[in-house]
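Dear colleague,

Please find below the structure that I am handing over to you. My findings follow it, and I would be grateful if you read them with the model open.

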Amino acid sequence: MSCYNNSELQVLCSSSQLFLQPLWDRLKTWEVLIQSPFFPVLFSVITYVGFCLPFVVLDVLNPWVPSLRRYKIHPDFSPSARQLLPCLRQTLYQHVVFVFPLTLLHWAHSPKLLPPEAPQLLELVSHIVFCLLLFDAEFFVWHVLHHRVPWLYRTFHKVHHQNSSSFALATQYMSVWELFSLGFFDLVNVKLLKCHPLTVLIFHVVNIWLSVEDHSGYDFPWSTHRLVPFGWYGGVAHHDLHHSQFNCNFAPYFTHWDKLLGTFRPAPLPAWWNCGCGGCPS
């Protein structure tokens, strides 16, 4: 039985390599770009803006497509250009002025070649899950402190709460200290777990997507928190309640820390929930 399980595991690992190794080999053809000090900033900004754009388009269409409103947590709210543009401008400014010099410093002190082999699928998935769990715990502590200590809130976190109704481009509308704190947690976690560079890239993509979705203001039947069982993942409705009430739902993604420490508050059901037709716009 043990030999059978080991052989099954070997087959799974070899089949995962058939997918991950070609992907990694393809990415390595861009090694000069990936290893350059410009890549982290370009990758972060392009991924972030790319994930925000669909929600920006939905917000633009919202006044003319009434069926979209049933999926919005705040149906009567659509961000204006005067709200969207400062958020985008601040993201670009902070990445160019603050993030890029740090990535340049990191690049100068730790140049190295990319590994020839891709990670195993099980290793990649487990590292991403552990990185998300660690980030969730770290930011929960940071977040509670920056709400409970008035000076920390006024000085560093208040800017992120200027928009009481969330929208996608407001995800990174934050102080430099908050941006650096989140980046520090990311960096420490991937170093602690000794993640493969491909794992690091995919983790950042997942992390950026979840952050944008949490602030998008749209609660779809296929949103991430509706795909994760047992209410373990809070999602957009969970985080939007934090933005409107301030004293609850401090964890960015999962719900266990808020439930354990008494800061969890369930979000109301969306408008489409009682439709009885799977969230259809009719």
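In this predicted model, a polar atom of the side chain of Ser223 lies 2.9 Å from the backbone nitrogen of Phe220. Ser223 belongs to the loop between α8 (197–215) and α9 (224–227). Is Ser223 buried or exposed? Its relative accessibility is 1%, and because buried means under 20%, Ser223 counts as buried. Beyond its neighbours within four places in sequence, Ser223 is in contact with Glu213 and Tyr218.

Phe250 sits in the loop between α10 and α11. Phe250 counts as buried because its relative accessibility is 0%. Which residues is Phe250 in contact with, leaving aside its neighbours within four places in sequence? They are Phe139, Phe140, His143, Val144, His147, Arg148, His242, Asp258 and Thr263. As for Leu105, 145 residues away along the chain, its C-alpha atom is separated from that of Phe250 by 32 Å.

The helix before that loop deserves attention next. How many of the residues of α10 (235–245) are buried? The count is 9 of 11, and α10 is therefore described as mostly covered, since buried means under 20% relative accessible area. The buried residues are Gly235, Val236, Ala237, His238, His239, Asp240, Leu241, His242 and His243. They pack against α5 (121–148), α8, α9 and α11 (256–260). After α10 comes Phe246, which has a positive phi, near 70°.

I also examined the empty space in the model. Rolling a probe the size of a water molecule over the atoms shows where empty space is left. The search gave 1 cavity of 30 Å³ or more, and the largest cavity holds about 30 Å³ of space. Which residues line the largest cavity? The lining consists of His160, Asn163, Ser166, Phe167, Ala170, His215 and His243. By class, 2 of these are nonpolar and 5 are polar, with no charged residues. One of them, His243, is also among the buried residues of α10.

The second largest pocket has a volume of about 260 Å³. Its lining is made up of 14 residues, and those nearest its centre are His225, Arg226, Gly234, Ala237 and Ala267. Both α9 and α10 supply at least two residues each to this lining. By class, the lining of this pocket has 8 nonpolar, 5 polar and 1 charged residues.

Finally, I compared the model with the database record. The unreviewed UniProt entry places a "transmembrane region" at residues 38–61, 92–109 and 124–145. Over residues 38–61 the chain is 96% helix and 0% strand, with end C-alpha atoms 34 Å apart. Over residues 124–145 the figures are 100% helix and 0% strand, and the end C-alpha atoms are 32 Å apart. The unreviewed entry in UniProt also places the feature "domain: Fatty acid hydroxylase" at residues 129–263. Over residues 129–263 the chain is 62% helix and 0% strand, and the C-alpha atoms at the ends are 23 Å apart.

Yours sincerely,

A colleague

Methods
Residues are numbered from 1 along each chain as its sequence is written. This is a predicted model: local features need pLDDT of at least 70, side-chain atom pairs count only at pLDDT 80 or more; totals for chains, interfaces and linings use all residues. Side-chain values use heavy atoms; hydrogens and water are left out. UniProt positions are given in the numbering used here, feature names are shortened, and annotations may be inferred rather than shown by experiment. Helices (H or I, at least four residues) and strands (E, at least two) are DSSP runs, numbered from the N terminus. On a 1 Å grid over the protein atoms alone, a cavity is a set of points where a 1.4 Å probe fits but cannot get out, and a pocket is an open set with protein on both sides within 12 Å along at least five of seven lines; lining residues have an atom within 4 Å of a point. Grid points are joined across faces, edges and corners, and a volume is the space filled by probe spheres set on the points. Ala, Val, Leu, Ile, Met, Phe, Trp, Tyr, Cys and Pro count as nonpolar, Asp, Glu, Lys and Arg as charged, and the others, Gly among them, as polar. Buried means under 20% relative accessible area, exposed over 50%, partly exposed in between (1.4 Å probe, protein chains only). A polar contact is a pair of N or O atoms within 3.5 Å; within protein, one must be able to donate a hydrogen and the other to accept it, and residues adjacent in sequence count only if both atoms are side-chain atoms. Contact means heavy atoms within 4.5 Å.
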